[in-house]
Amino acid sequence: METPKIVDRRSDMASIGKSVVIKGELSGSEDLYLDGEVEGSIVLNGNSLTVGPNGRVRAHIKAREVVVHGKVDGNILNAERVELRRSAAVLGDITSQRIMIEDGAYLKGSVDVQRDAKSASAGASGNSSQTSTAAK
Amino acid sequence: MLKWFRGNSGQTTAEGGREARPRSKRHSTALKELNRNLAREENISILDLGATSAANISLFTGKGMKLCTEDLIAASGDPELQIKDPDGNPTYDLERFLKDNLAYELRSFDAVLFWDIADYLPEPLVKPVIERICSLMKPGGYLLAFFHTKDAGPDSPYSRYHITGDDALDVQPIARKGSGGYYKLLRVFNNRHIENLFRDFSSLKFFLARDNMREVLIVR
């Protein structure tokens, strides 16, 4: 499998390697890079989750920002920003203030972009790419 | 589903890495009419059954519409759906397909983007899929469908349709994952076939395009 280039912020965040399998609730108060498997639920209120290219998540996700390179089977709920990279495969519903999906990403589910005044001003700052959707 | 999670199913995976032919542009009168009709409505809910398009998701969610998306052609190619009947003859697991796909018990849609999916769906799925879609649509809802004419030729590839304007589409042929080849046209419908296929709907409006494509806007 070709490993996509990922902006390396991993030194700033907790990391779960690709050989790790977790069953149950995963929660925390810091950013998390996940390249292993999780089955259960993930709650990172106010923090970001990056699912790496080897990441396999079978859980509902609650996090401020979710970036997916791997596979997610579950809903991504109430995020401020969701990014599906070209290698991402998501089976589940997404509710987010902003969403960015690269060509090649696979999504089976609903997308609900929630309007929010705070995100509207952030979205107008021009930092979204061509395929991103910002609540306006 | 669990198999997909473990990464053993080759079908419903992302298509990153697929070789892609360049996009082409086309105008769609049916899309223009669909957009005109949807502009009169509020709280629109749309079901896009083509290959995932970031452009379509951005467009509809940006307008405040609710969007569901699933790639029916990719799902139909799951090798686990190829089964054998009690006599050992190859058949298709229709029950499982309809259990895993187009499963929206609590939702109904104002518009369905069906694109040219009927030309590429395995034969046993065509009628049941249309019937299921009909049951998912609100009365008066719209279905946008394209059909190749026979002049298109059997090599016409299955494509992802990106909506880029009121009547403008970018058409991006997409390859089967892993095979390197493209989906082949499985059949060509004539107008009578199309009318029969959608006989449970209230009306069909045909638009003949210049590029060996027939566009149809169908009202539930």
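I begin with confidence. For the complex, the predictor reports an ipTM of 0.79 and a pTM of 0.82. Chain B has a mean pLDDT of 86, with 88% of its residues at 70 or more. Within chain B, confidence is highest in strand E6(B), at 97, and lowest in helix H1, residues 2-6, where the mean is 46. The pLDDT is also below 50 over residues 6-19 of chain B, although the model gives this stretch 41 contacts beyond near neighbours in sequence. Where pLDDT is low, the predicted coordinates should not be read in detail.

Chain A contains 1 helix and 11 strands. Read from the N terminus, its elements run β-β-β-β-β-β-β-β-β-β-α-β. Chain B, for its part, has 7 helices and 11 strands. Of the 136 residues in chain A, 48% are buried; of the 220 residues in chain B, the buried share is 38%. Contacts tell us how each chain is connected along its sequence. Taking contacts with a separation of 6 or more, residues 24 or more positions apart account for 11% in chain A and for 70% in chain B.

Is Glu80(A) buried, exposed or partly exposed? Glu80(A) has 18 C-beta neighbours inside 10 Å and therefore counts as partly exposed. Its C-alpha is 4.8 Å from that of Gln97(A), a residue 17 positions away in sequence.

Helix H2, residues 29-38, has as its buried residues Ala30(B), Leu31(B) and Leu34(B). Viewed down the axis of H2(B), these residues fall within an arc of 100°, so they line one face of the helix. As a reminder, an α-helix has 3.6 residues a turn, so residues three or four places apart point the same way. What covers the buried residues of H2(B) includes strands E6, E7, E8, E9, E10 and E11 of chain B.

The loop between H2 and strand E2 of chain B holds Glu42(B). Why is Glu42(B) classed as exposed? Glu42(B) has 8 other C-beta atoms within 10 Å, and is exposed because a residue with 12 or fewer falls in that class. Glu42(B) and Met65(B) are 23 residues apart in sequence, with 8.3 Å between their C-alpha atoms.

Helix H3, residues 54-62, is the helix of my opening question. Its buried residues are Ala54(B), Asn56(B), Ile57(B), Ser58(B), Phe60(B) and Thr61(B).

Helix H6, residues 123-136, has 14 residues. From first C-alpha to last, H6(B) reaches 21 Å, close to the 20 Å expected at 1.5 Å a residue. Leu125(B), Val129(B), Ile130(B) and Ile133(B) are its buried residues. Their cover includes helices H4, H5 and H7, together with strands E5, E6 and E7 of chain B.

Strand E7(B) deserves a word of its own. Strand E7(B) is mostly covered, with 9 of its 12 residues buried. Its pairing with E6(B) is parallel and extends over 5 bridges. In that region, Trp115(B) stands opposite Ala145(B) of E7(B).

I close with a sheet in chain B. How many strands does this open sheet have, and in what order? There are 3 strands, in the order E1-E9-E8, and the pairing is antiparallel. Strands E1 (24-27) and E8 (159-163) stand at the edges with a single partner strand each, so one side of each is left without a neighbour in the sheet. On average, and ignoring direction, neighbouring strands of this sheet are turned by 30° against each other. E1(B) and E9(B), the latter spanning residues 168-173, are joined by 4 bridges and run antiparallel. Arg26(B) has Leu169(B) in E9(B) opposite.

Note on methods. Residues are numbered from 1 along each chain as its sequence is written. Chains are lettered from A and ligands numbered from 1 in the order in which they are written. This is a predicted model: local features need pLDDT of at least 70, side-chain atom pairs count only at pLDDT 80 or more; totals for chains, interfaces and linings use all residues. Two strands pair if DSSP finds at least two bridges between them. Helices (H or I, at least four residues) and strands (E, at least two) are DSSP runs, numbered from the N terminus. Axes are lines fitted to C-alpha atoms, for helices over the stretch in contact, and angles run from 0 to 180 degrees between N-to-C directions. A residue is buried if 20 or more other C-beta atoms lie within 10 Å of its own, exposed if 12 or fewer, and partly exposed in between; C-beta atoms are placed from the backbone. The expected span of a helix is 1.5 Å times one less than its number of residues. Two residues are in contact if their C-beta atoms, placed from the backbone, lie within 7 Å. pLDDT is the predictor's confidence in each residue, from 0 to 100. The arc is that of the directions from the helix axis to the C-beta atoms.
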